[in-house]
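Thank you all for coming. I would like to walk you through one structure, so please take a moment to look at it before I start.

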Amino acid sequence: MRMKIDPGRRRKMEKAINKRSEKKAAYLFVIPAVILLAAFLIYPALQTVRYAFTDYNIMRPDHIKFCGFNNFTELFGDGDFWKAVTNTLYFTALVVPFQTVLALALAMLISSKRKGVSIFRAAYFSPQVTSMVVVAILWTVLYNSNPDSGLLNALLVKLGMEPCGFLNDPKTSMNSIIFMSAWQGAGYQMMIFLAGLQGIPKEQYEAASIDGAGRLKSFLYVTLPDLKNVIKYVIMITVIQAMKLFTQPYVMTKGGPQNSTRTMVYYVYEQGFQKRNFGYACAVAAVFFVIVVILSLGMKKLIKAD
């Protein structure tokens, strides 16, 4: 004879079974991601810290010796390293506001519902989906100092101006990369701003116009306040991308001229794979990680304090 189970108890048992099955399903979905994260991020990061205290040379993998803090002592006295730090921070300080303002301006231009605006959306976003290597090669040709082959210098000569050294002049090389990088990356931030603009209620603009606010005041007192969180997010992701600058200097200038475009990531690559000084490169990477963490925490506090 079967025992009758109280309906309330049965529901509790069913809920417990459902929770266990949900937990199992969650683990099944999470475990592959955790394995990949551990294999391609956590383990390499730990190995980087390990090799930072050795004299590891990739041409002599069997002769790894512990050298203590020698790499870090040499690092902090290395002028090339500090030049790379300066270049990276300079690039970040200029490209982030420039790219953010450019992306917001483009988003406002294409936020209308006029005919043909979708064509401009695709045109502004297309550099983002194009390979950075391809974009860098294209702009290298545009920046060519020879007026016969460089489009921009040919235009300057036509206007009666002197050709510019763009990538060949230490004074203009990093600024040239900044302009190209902002042009290439603004499309992604533009789409984020566009989503934010479309989320602003039209009633707010109507109320502002009734109060006599023009376009400028509507932008200052309606658009910007409603886009506050979006702007914070865009700045955060742009800073992270800027600190990882590598492809543009590698393709366009090889870190030159006179180390004016050598960045921290490029310096890691140069020390580790060109000079085969892998232990020293790991020390640079470890310090770079600390700098990025400190910068990120500082930005997080500033954003929260706002």
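Cys282, for instance, is in none, since the nearest cysteine sulfur, that of Cys67, is 11 Å away. Please keep in mind that this is a predicted model, in which local features need pLDDT of at least 70 and side-chain atom pairs count only at pLDDT 80 or more, while totals for chains, interfaces and linings use all residues. Residues are numbered from 1 along each chain as its sequence is written, and side-chain values use heavy atoms, with hydrogens and water left out.

As for burial, where buried means under 20% relative accessible area, exposed over 50% and partly exposed in between, with a 1.4 Å probe and protein chains only, Cys282 is buried at 5%, whereas Cys164, at 23%, counts as partly exposed.

Finally, consider helix H9, residues 215-226, where helices are DSSP runs of H or I, at least four residues long, numbered from the N terminus. In H9, Ser218, Val222 and Thr223 are buried, and they lie on the same side of the helix because they cover an arc of only 85° around the axis, taken from the directions from the helix axis to the C-beta atoms. On the other side of H9, Leu216 and Tyr221 are exposed.

Key: A disulfide is a pair of cysteine sulfur atoms within 2.5 Å. Helices (H or I, at least four residues) and strands (E, at least two) are DSSP runs, numbered from the N terminus. The expected span of a helix is 1.5 Å times one less than its number of residues.
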